Amino acid sequence: MTNPPPPGNWSDPTWSAPPSSPTPDPTLVAGQPVPPQPGPVDPYAPTNPYAPANPYAPVDPYAGAQAPATQPMAEYAAPGYAPAGYPQQYPGYGYPQPPKTNGLAIAAFVLAMIGFTSCITAPIGAILGHVAQKQIRISGEGGAGMAKAAIIIGWILTGFLVLVLAFYAAAIIYAIATSNNSGSY
């Protein structure tokens with residue numbers, strides 16, 4: 001067998017030579033027959049929805065047993081799927097845990113809020129708020145907002161308390177100065 005001559009005026013010195021090797025057989029790979037390839041799968045072919053996924057897989061003799069009482073919905077789950085609900089949260093996944101709140105910040109905020117009714121605990125709440133802020137800066141705990149709120153509320157209420165006390169003192173001094181005390185009873 002010879003190759004056909006090249007087209008045009010181009011001359012190829014090997015065109016009349018026989019091929020160097022026989023033409024490969026497409027049904028053989030390395031001298032072995034090629035197994036037939038599976039054809040396309042018909043998506044509309046009827047299938048048995050109750051057939052096992054792998055017919056050669058071992059059969060579980062306890063598959064029909066009743067589910068334990070801790071998982072009442074497990075018997076309704078489709079085979080091969082997890083029961084409905086959220087999966088268990090694994091550590092290191094999801095949202096990070098918020099930092100622990102500083103206890104002194106909580107106490108300062110509570111005392112500052114009680115200062116609305118008593119006005120005596122407000123300065124204590126403000127001072128504890130300053131101490132809590134310092135502890136939060138050092139330890140990195142949460143509660144910085146509560147400490148700041150305790151400071152603001154505590155000092156505002158303390159200032160209000162000082163104004164009320166100054167007003168009462170001025171009223172007492174005015175009452176004493178304007179009283180008509182002639183010394184006789």
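## Exercises on helix 3

Thr158 is buried, with a relative accessible area of 13%. Buried means under 20% relative accessible area, exposed over 50%, and partly exposed in between (1.4 Å probe, protein chains only). This is a predicted model, where local features need pLDDT of at least 70, side-chain atom pairs count only at pLDDT 80 or more, and totals for chains, interfaces and linings use all residues. Residues are numbered from 1 along each chain as its sequence is written, and side-chain values use heavy atoms, without hydrogens and water.

**Exercise 1.** Describe the surroundings of Thr158.

*Solution.* Thr158 sits in helix 3. Helices here are DSSP runs (H or I, at least four residues), numbered from the N terminus.
Step 1: list contacts, meaning heavy atoms within 4.5 Å. Beyond neighbours within four places in sequence, Thr158 contacts Ala122 and Pro123.
Step 2: check the side chain. One of its polar atoms lies 2.6 Å from the backbone oxygen of Gly154.

**Exercise 2.** Find which helices the buried residues of helix 3 pack against.

*Solution.* Step 1: list the buried residues. They are Ala147, Ala150, Ile151, Ile153, Gly154, Leu157 and Thr158.
Step 1: name the partners. These residues pack against helix 1 and helix 2 (122-139).

Notes. Helices (H or I, at least four residues) and strands (E, at least two) are DSSP runs, numbered from the N terminus. A polar contact is a pair of N or O atoms within 3.5 Å; within protein, one must be able to donate a hydrogen and the other to accept it, and residues adjacent in sequence count only if both atoms are side-chain atoms.
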